[in-house]
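Subject: Structure handover

Hi,

Here is the structure I promised to pass on. Have a look at it first, and then read my notes below.

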Amino acid sequence: MSLVKGIHHVSMKCCSEEEYRKTVVFYRDILGLVVAREWQDGIMLDTGAGIIEIFNNGEESLEKGTIRHFAFATDDVDACVSAVAAAGYEVFIAPKDIVISSQPPYPARIAFCK
């Protein structure tokens, strides 16, 4: 049985206000994605089958095709992290509960691994 239900979101990081504005215009205004939430450093747009998360606080330009991260949807973050760690992969942010200060606020349980 898979611990993963699907891709929750793909995260991109823009390195300038102009790049951020153009990226948001493309996904929101041209493709018509609905804003799920916004906060000072970014926006989440709903694709209907997952989220595109765009940050406006990047410091340097990355190569085309580079994403900041992608997140899986799961019912059990802790079980996923245990399986990843048991297989020898690095967990660099242990499972923790957060609330993204967006409108609307977004509670989540997260962890990061390589």
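A term to start with: I call a residue buried under 20% relative accessible area, exposed over 50%, and partly exposed in between, using a 1.4 Å probe and protein chains only. Asp29 is partly exposed by that rule, because its relative accessible area is 46%.

Some ground rules. This is a predicted model, so local features need pLDDT of at least 70 and side-chain atom pairs count only at pLDDT 80 or more, while totals for chains, interfaces and linings use all residues. Residues are numbered from 1 along each chain as its sequence is written, and side-chain values use heavy atoms, with hydrogens and water left out.

Salt bridges

By salt bridge I mean a side-chain nitrogen of Lys or Arg within 4 Å of a carboxyl oxygen of Asp or Glu. The structure has five of them. Helices (H or I, at least four residues) and strands (E, at least two) are DSSP runs, numbered from the N terminus.

Asp29 pairs with Arg28, and their closest N and O atoms are 2.7 Å apart. Arg28 counts as partly exposed because its relative accessibility is 31%.

Lys5 and Asp75 meet at 3.0 Å, N to O. That pair links distant parts of the chain, 70 residues apart: Lys5 sits in the segment before E1, and Asp75 in the loop between strand E5 (69-73) and helix H2 (77-86). Both Lys5 and Asp75 are exposed.

Then there is Arg109 with Asp78, where the closest N and O atoms are 2.9 Å apart. Here, too, distant parts of the chain are linked: Arg109 is in strand E7 and Asp78 in helix H2, 31 residues apart. Arg109 is partly exposed, with a relative accessible area of 34%. Asp78, Asp97 and Arg109 are linked in a network of salt bridges.

Cores

A nonpolar core here is a set of buried Ala, Val, Leu, Ile, Met, Phe, Trp, Tyr and Cys residues joined through side-chain atoms within 4.5 Å. The largest one has ten residues: Met12, Cys14, Tyr20, Val24, Tyr27, Leu33, Ile43, Leu45, Ile52 and Ile54. Helix H1 (17-30), strand E3 (42-46) and strand E4 (51-55) each supply at least two residues of this core. H1 gives the largest share, three residues.

Leaving aside neighbours within four places in sequence, the contacts of Ile43 (heavy atoms within 4.5 Å) include Tyr20, Val24, Ile52 and Ile54.

A second, separate core has six residues, among them Trp39, Met44, Ile100 and Tyr106.

The hairpin

Strand E6 (residues 91-100) and strand E7 (residues 106-113) run antiparallel and are joined by seven bridges; two strands pair if DSSP finds at least two bridges between them. Lys96, for one, has Ile110 in E7 as its bridge partner. A hairpin of five residues connects E6 to E7. Pro104 lies in the loop between E6 and E7, and a cis peptide bond, with omega about 0°, joins Gln103 and Pro104. For context, most peptide bonds are trans.

Best wishes
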